[in-house]
Amino acid sequence: MANNEPYDVAVLGAGPGGYVAAIRAAQLGLRTAIIEREFLGGVCLNIGCIPSKALLRNAEIARLLQRGKEFGFSFDNLTLDYSVAVRRSREVADRLVKGVGFLMRKNKVDVYMGTGTLQAADRILVVDSEGKEQTVRAKNIIIATGARPRTLPNVEIDGKHIVTYREAILQEELPKSVVIIGAGAIGCEFSTIWRSYGSEVYLVEILEHILPLEDDEVAEELSRSFTKWGIKVMAGSKVAAAEVVGDKVRVKIEGPKGEQTVEVEQVLVATGVRPNSENIGLEAVGVQTERGFIVVDEGLRTNVPGIYAIGDVTGKLLLAHVGMVQGIVAAETIAGAETVRLDYNAMPRPTYAHPQVASFGLTEKQAREQGYEVKVSKFPFRPNGRALGMGEPEGFAKLIADARYGELLGAALIGPEVTELLPELTLARMWELTANEIARNVHAHPTLSEVIMEAAHGVEGAPIHL
């Protein structure tokens, strides 16, 4: 398409939110372009969710092999090659990235590789890797520039000894010892991967428990599991200093029991992310931000007519699937098509540690603080036949329901494959089903999902197998 003919939609950023927005816009008959400075698929497909889950699968197999005696098989000389796991993760990521390229061609979305900067509400200047400039004009612009790792003032990233997830996920060499700063999803997942391969792991979290945004009981359960497994969990602690000394990093950690210094091969800084909202022309066109995040309404509109924003750069909920659904809603809003209003409180929140954690909605503490009269039910995996057969009996399902109406306010799950169990609960929340209706839904036996059924029975005080 000629550059002097405006697109209906131009998407700035080709991560999960951006490329999904472009596809949906094209499906709705809108002439669409997408602009990406680094790689199609963004952080998620290339150096985030997808390769990390491939690594976690390798880690799962590594743990299983180390438990061979329990299942009746043994090895004379078991060796685990971490570099193979990393190379496999790259193959998985590359395949999906190629798939995104195919989807762009299939949906006739024009792709511009280069750095995009807003010049006006209907123009983006694109500069490619060779410095060549061109202007992309569009009636509507969707900003989907994502986020990048947040760093600490007293811990200098050098890309080798002190790293962020970007370097960590690409390195083929396994760190024999590591301090992970930050025990959110990224910190807990890398703890799982590296510990599965035998690394000595210190997991440091400044707040009172790991997974600080999750339910207290779930966090305590994961902390116990990690500790039993040999991960040194240090909640309520902070890294005061990290100094590279030769081929080691000397890390000073301050915690409830005082100060200690450890020497490790590597430090991973996993303290969250910050939005990619600088140097993209927001000031030039007057797009409103708060703490760097772009302010949007329920239709993902910014304060500037014709400019929308989706994904991590909005700060709503920094998860790939949230960016995806925001992309769909933004495209439908632009097209004037039927769409939905997003309930961010009902969005699923998965953590692929071992054991897995999955949640949505309010924690028990939040529900009580907000004045709800609640009924809480927990059902463990230990009586579940499927979990026992898998050799993964740790964890539980916890439901938080409104005592007056029985509707779900939230859920917190920890245990085998609980990230796959969550959609039943978020669907129930969307359609305002009660715990009783979930309990009355027949669940196949034996399945892990029976734990949800039993917990739902428990909201009314009558679980069957406990």
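I started with Glu 259. The model is a predicted one. Is Glu 259 buried or exposed? Glu 259 has a relative accessible area of 52%, and the cut-off for exposed is over 50%, so I logged Glu 259 as exposed. I placed Glu 259 in strand 14, residues 258-264. Beyond its neighbours within four places in sequence, I found Glu 259 in contact with Lys 252, Ile 253 and Glu 254. I also checked Thr 289, 30 residues apart from Glu 259 along the chain: the C-alpha atoms are separated by 39 Å.

Next, the cysteines. I found one disulfide in the structure. Cys 44 and Cys 49 form the disulfide, with sulfur atoms 2.1 Å apart. The S-S torsion is about -140°, so I noted the disulfide as left-handed. Cys 44 is buried at 10% relative accessible area. Cys 49 is partly exposed at 25%. Cys 188 takes part in no disulfide; its nearest cysteine sulfur belongs to Cys 49, 16 Å away. I logged Cys 188 as buried, at 0% relative accessibility.

Last, the helix pair. How do helix 1 and helix 10 lie to each other? The axes of helix 1 (residues 16-27) and helix 10 (residues 320-335) come within 7 Å and cross at roughly 30°. Angles under 35 degrees count as roughly parallel, so I wrote down helix 1 and helix 10 as roughly parallel. The crossing is right-handed. On helix 1, the residues that meet helix 10 include Tyr 19, Val 20 and Arg 24. On helix 10, Met 324, Ile 328 and Glu 332 are among the residues that meet helix 1. By class, I noted nine nonpolar, three polar and two charged residues in this contact.

Note on methods. Residues are numbered from 1 along each chain as its sequence is written. This is a predicted model: local features need pLDDT of at least 70, side-chain atom pairs count only at pLDDT 80 or more; totals for chains, interfaces and linings use all residues. Side-chain values use heavy atoms; hydrogens and water are left out. Helices (H or I, at least four residues) and strands (E, at least two) are DSSP runs, numbered from the N terminus. Buried means under 20% relative accessible area, exposed over 50%, partly exposed in between (1.4 Å probe, protein chains only). Contact means heavy atoms within 4.5 Å. Axes are lines fitted to C-alpha atoms, for helices over the stretch in contact, and angles run from 0 to 180 degrees between N-to-C directions. Angles under 35 degrees count as roughly parallel, over 145 as roughly antiparallel, 65 to 115 as roughly perpendicular and the rest as oblique. A crossing is left-handed if the near helix is turned anticlockwise from the far one by less than a right angle, and right-handed if clockwise. Ala, Val, Leu, Ile, Met, Phe, Trp, Tyr, Cys and Pro count as nonpolar, Asp, Glu, Lys and Arg as charged, and the others, Gly among them, as polar. A disulfide is a pair of cysteine sulfur atoms within 2.5 Å.
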